[in-house]
Amino acid sequence: MINFEEELKKFHPSLEVEEAERTIKHQDLTDMVDVLVRVVKDAKEELGN
Amino acid sequence: MNCYKCGRPLSEKNFCTSCGVDVGLYKKIIYTANRLYNDALDKATVRDLSGAITCLKQCLKLNRDHVEARNLLGLVYFERGEVVAALSEWVISKNIRPEKNIADDYIRVLQENPGRLDSFNQTIKKYNMALAYCQQDSTDLAIIQLKKVISMNPKFLEARQLLALLYINTQEWERARKELTRALRIDANNTTTLRYLKEVEEMQPSEEEHGKKKKEAIVYKSGNDTVIQPAGKKETAGLQAVMNIVIGVVLGVGIAYFLVLPARIRQAQEDANVRFAEVSELLDEKTVEADGLNAQIEALMREKEDLSDSLNAARGTGSALQADTDLIEAALLHLQDDGSEMEIAETLALIDRVYLEQEATESFRNLYYTIKNEIAETVAKKSYDAGSDALRAEDYDVAIENLERAVEYAPDDGEALYNLGNAYNRSGNTSLAIPIYEQVVEQFPNTEKARKSANYIKEIRGE
């Protein structure tokens, strides 16, 4: 049996056009390649020390 | 594929031939991202938009610069009616690859049609408003808003899902099913849609069951009407039909007797009691009013009687005064002795007989009769002559007036009395003529006048 109140919580306000710019700016674009580069860099720094 | 460090193209080796950095793990990440993109493309092809979005988001977590994946994600968002999310992905994509990027075309199409973009924005605002209504328990308003949203943007998946949820909440299963079916046409494998649909199907008989039920009925057209007759049911026999009708009537009468009638009677009694109370109250008011009016009538009657007495007294006084005046005037004329007997007679005639006989003083009566006796012979003669002339001239009114005066002043004058009878008779007033004729017969028997009078009486009576 569907709980209406609980289901309603799963719906969120949709982004309006005015909010598009802020959304793009605040989007987290970090990907696995960034993580890899960071890991390699940290590893090299540790080896250098 | 280029080296993540120096940006040079990589070979099949697991290290960069230019800078020597190890790219084995990097290559695996890129290959996984590509595989996820391919999966997403397959899913999008069969309209599994939710699955495609999941794959594309994972792909971009591995490789944010995967422009094709980002463009496809934007396209999938746009297909689900999420225009802003789509625009965001395309803008980022364009920043990653400014040249030869199909995202540029997508953005341009929207920018060149500001009306359409505004329409999308209005749709989103209305959806957000509907969501707010839902949170405020204004379900009816939310449904109205969502219907508008869907009419403006039929691909808005979340709007359809929310509308279906509202229908489920209000147990409008068929409407919910319809919305969810349309939502499935947009996104074929959306778990929310499928979950809601499952709920609806559990709560409502499925189409198959509907079909089964329909098969149990025979449907045929009769003119413009569609007649549905239960299948396999034989034609009801006449006797059974009559029995059913009788049972129906008995049940109806029973229900009316045991349920409807007592309630009606109770209601009627209550109404009657209320009406009775109103009427009683009204009656009391009217009784009080009538008592007041009766008292007023009695007071007015008393006042009327007093006034009548006063009026009679005034009249009596007035008639006495008038009679005195007339008698004095007649006496003066008589004293002058200038042959004005007729004028005196007319003046005496003005005196009220009732007053004369009942209320006048003895001296008044004596004076009256003295004057009258002294002028009687002359007045009788002149009146008789004038009456006879008028009778001959067939002027019966003048004749009657003079002859009556002649009879009054000379009661023994048989000719005057007889002519008075003739005057009445000829004027057509036979009812007065008969007593006059009878008086002639009685007072003057064995005379010619008596014989003629008797004949006239017989003639009038038709004997």
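This is a predicted model: local features need pLDDT of at least 70, side-chain atom pairs count only at pLDDT 80 or more; totals for chains, interfaces and linings use all residues.
Visitor: Before we look closely, what ipTM does the predictor give the complex?

Guide: Let's begin with confidence chain by chain. Chain A has a mean pLDDT of 86, with 100% of its residues at 70 or more, and chain B averages 87, with 92% of the residues scoring at least 70. For the complex, the predictor gives a pTM of 0.50 and an ipTM of 0.86.

Visitor: Which element of chain A has the highest mean pLDDT?

Guide: Chain A holds 3 helices and 0 strands, in the pattern α-α-α along the sequence. Among these elements, helix 2 of chain A has the lowest mean pLDDT, 85, while the highest, 89, belongs to helix 1 of chain A.

Visitor: Which helix of chain A gives the largest share of the side that touches chain B?

Guide: In the model, 21 residues of chain A are in contact with 32 residues of chain B. Helix 1 (4–9), helix 2 (20–25) and helix 3 (32–48) of chain A each bring at least two residues to that side of chain A. The largest share, 4 residues, comes from helix 3 of chain A.

Visitor: How many residues on that side of chain A are nonpolar?

Guide: Sorting the residues of chain A that touch chain B by type gives three groups. There are 3 polar and 4 charged residues, and the nonpolar ones number 14.

Visitor: What percentage of chain B counts as buried?

Guide: Chain B is built from 19 helices and 2 strands. Contacts between residues 24 or more positions apart make up 42% of those in chain B with a separation of 6 or more. In chain A, 4% of the 49 residues count as buried; in chain B, with its 463 residues, the figure is 30%.

Visitor: Which helices do the buried residues of helix 16 of chain B pack against?

Guide: Helix 16 (residues 396–409) of chain B has 14 residues and reaches 20 Å from first C-alpha to last, close to the 20 Å expected. Its buried residues include Tyr396(B), Ile400(B), Leu403(B) and Val407(B). In chain B, they pack against helix 13 (341–349), helix 15 (362–392) and helix 17 (414–426).

Visitor: Is Asn373(B) buried or exposed?

Guide: Asn373(B) sits in helix 15 of chain B. Because Asn373(B) has 10 C-beta neighbours inside 10 Å, it counts as exposed.

Visitor: How many Å separate Asn373(B) and Ala410(B) in space, C-alpha to C-alpha?

Guide: Along the sequence, Asn373(B) and Ala410(B) are 37 residues apart. In space, the C-alpha to C-alpha distance between Asn373(B) and Ala410(B) is 9.8 Å.

Methods
Residues are numbered from 1 along each chain as its sequence is written. Chains are lettered from A and ligands numbered from 1 in the order in which they are written. Two residues are in contact if their C-beta atoms, placed from the backbone, lie within 7 Å. Ala, Val, Leu, Ile, Met, Phe, Trp, Tyr, Cys and Pro count as nonpolar, Asp, Glu, Lys and Arg as charged, and the others, Gly among them, as polar. The expected span of a helix is 1.5 Å times one less than its number of residues. A residue is buried if 20 or more other C-beta atoms lie within 10 Å of its own, exposed if 12 or fewer, and partly exposed in between; C-beta atoms are placed from the backbone. pLDDT is the predictor's confidence in each residue, from 0 to 100.
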